[in-house]
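Please find below some notes for a colleague who is opening this structure for the first time.

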Amino acid sequence: MLQGRQRRAVQSWWVAVSLCVMLRPMEQVSAQIKYSFLEEEKVGSVVGNVAKDLGLDMSSLGERRFRVVSGAEESHFKVNPNNGVLYVLGKIDREELCQSVSPCIKNLKMVAENPMEIHYVEVEIIDVNDHSPSFQEEEKILEISESTLSGRRFQLPTARDPDVAGNAIRVYKLNHNDYFTIQIRERGDDKVPFLVLQKPLDRETHQEHKLLLTAVDGGNPPRSGTLNVTVIVLDSNDNHPTFSQEIYSVTIPENVQTDTSVITIKATDLDEGSNGDVEYFFGGEVDPKLYEVFSLNKDTGEIKVKGDIDFEKADVYKLDLHSIDKGQPPMSADCTIIIKVIDKNDNEPQIEVTSLSNTVSENAKPGTVVSLISITDKDSGLNGKIICSLTDDVPFELKPSFKDNMFSIVVKQHLDRESVSHYDVTIKATDCGQPPLSTFKTLSIDVADVNDNRPEFLHNPIEFYLVENNVPGNSIFSVSALDKDFNENAALTYNIVRHEQGVMKIAPFLNINSENGQISAQKSFDFETLKTFQFQVVATDSGTPPLSNNVTVNVFILDQNDNAPVILYPLSSNGSAEGVEEIPRNVNAGHLVTKVRAYDADIGYNGWLLFSLQEVTDHSLFGLDRYTGQIRTLRSFTETDEAEHKLVILVKDNGNVSLSATATVIVKLVEPKEAFAAADVKSAAKVDEEDNVTFYLMITLGAVSLLFLISIIVLIAMQCSKSTDFTSKYLQETNYDGTLCHSIQYRSGDKRYMLVGPRMSIGSTIVPGSHANTLVLPDRRRASEEVRKLQF
């Protein structure tokens, strides 16, 4: 028989009561279908194939997380994500879920994601006849006076049957007897049995009557319950109490204070004395829970509130009231009191998030659904009508659904994670009651990053200064870029551009750490060979697709004092810095004996040379100019002075760690006539020697910089013109000291001065009136001019 019921339940399924589709920017679809099945079905019993009836693709149900999201109802039903079948998850008792409500319908919300779809399924639980009628008492005792007239009715207790509709109580039956019959009267949805006296009682014949009342429901097969009724025949009290009406109706507001009077019922009895005194009682068939809600004054018939009145728990109460006089036998009357509860706005709206994606991409288009929410209010009417809004100024908005109190939160405008990466969206739900009640709920939404920002360098181009003679393989400097994106979109790698046109040949000697931008050189740089070079570095992020940016790096080599002074004069035939000078004995003090010429490839202080006498035979005879290297006599020679003197000259630069060289000059004193004769011979040799020195200077200075070529040619021409003059070498030369040094920088006020040797910079100009020893250089970094001084 159970299998037959299941078969009939399967056959009773019906689908497609309503189907509604609403298009959303994210293709959000909503639909509603309805199923029905019998209560008490086994766990696992199939209710219906929701996916098939909705036309969903069953192969993608698992990926789309197709599920039931209906709060408490979710514990009774579950959907199989593999085939879309809705089945019973636990035992379902209609009487427990819906009590006396008919039809018993449970609303299920079913959600599928990617794209978001929400469907509404109504499941009607059909009652089966699984309860028998029952009486609260096993026996009912009635005391009836023998003077009672035929046709008098006596109300009997009603049986209770949790089943509804056709399975509820249908009829009452009474066992066959000569005095009583059963009569059924309907009070609303209830059937009330009355015992009707058919003929007068005779106490002397029968003092007591045993009757059996049977309540039968309308199930198939029917179920029944019995009540033993005992009628005790009493002596005459022939008037019974009477009510002014059979049914009383009254309304009270919910949450009314305790001890508030609800209604006062008055029954009248025409008898006198104790037979006319009436007392009031609740009927025995009243639900025991009502005794906790209402109280009855048995003497006055006043009903008062005893417990909490909550419209959401019960909106109507039915009370059976008995009035009994004090006669012998006592006589009674019955009436029904219906108490209706008026709803008050005492429940705040409840916000339920049925689907929440707490992360939204920053490139999400306006209209993208972020979350689905539903709002409920236990109140009814205007008290349950909801107005929903967002309280903050956020790039999201609420969109109402086709079903009341269903909303979706969608993107309203463009998002930018770099500006705002997180939003706290506060939802406010307010009902329309008086006064209105509100509820707030905050949703946390993170903005997911997309790769929409290129790496950025703080400066472009970048300038670095590198001291020459760096250690090959060591890091020389680093570059870094910033990316406003997040995580892998901001993870940068660095590379040197090696294949672009115009990139110097120095790039192959550079390596870069792709992770931190540290740049190392595989060779040591020499300032005298290379003073500056340029290359490009590209920074690329790890996003998809990757974005990149370039920066130009200008490297300037800084000079170190790594070149010792080179003696240009005197030079012997074997290359050593030695020379012999002959002077007449009759020269005066201040006579120029010779000039030591030296060269340093470094610049600045590192190339500024100073001369000093390291060794001399007679300190009173010769003096050395520390800046020009000129050796002059300090006094006239005497007959007692030796004929040959040795001078050792130390030439050193002004670097932090000074480098030096020495030159040896042998001065021989000769008679004046010998000196002039020797001068003619040495003049011709001097021309050849000077030509060799000029050639050596051209090679040396040309290797340092082509920029100084014009200045060197001018200096060589000046030197050659003086060399071809057949004057005595002993004549004083005042304009050329033969020392090649670079620069000494100093400041005076807002001007910068540089003392340099004969190697003049290209682009320099001679300042008029400065005795041809002051050079003015344009300063590219300042508007003011810098001055260089040449000392000869």
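1. A salt bridge here is a side-chain nitrogen of Lys or Arg within 4 Å of a carboxyl oxygen of Asp or Glu. The model is predicted, so that local features need pLDDT of at least 70 and side-chain atom pairs count only at pLDDT 80 or more, while totals for chains, interfaces and linings use all residues. Residues are numbered from 1 along each chain as its sequence is written, and side-chain values use heavy atoms, with hydrogens and water left out.

2. By this rule the count comes to 15 salt bridges. One of them joins the side chains of Lys191 and Glu186 at 3.9 Å, N to O; Lys191 is partly exposed, with a relative accessible area of 25%, whereas Glu186 is exposed at 59%. (Buried means under 20% relative accessible area, exposed over 50%, and partly exposed in between, with a 1.4 Å probe and protein chains only.)

3. Glu117 and Arg64 also meet through their side chains in a salt bridge, at 3.1 Å, N to O. This pair links distant parts of the chain, 53 residues apart, with Glu117 in strand E7 (residues 117–126) and Arg64 in the loop between helix H2 (50–54) and strand E3 (67–68). Both Glu117 and Arg64 are buried. Helices (H or I, at least four residues) and strands (E, at least two) are DSSP runs, numbered from the N terminus.

4. Strand E39 (residues 532–541) pairs with strand E36 (residues 492–497) in the antiparallel sense over six bridges, where pairing requires that DSSP finds at least two bridges between two strands. E39 also pairs with strand E40 (residues 548–558), again antiparallel, over nine bridges, and a hairpin of six residues joins E39 to E40.
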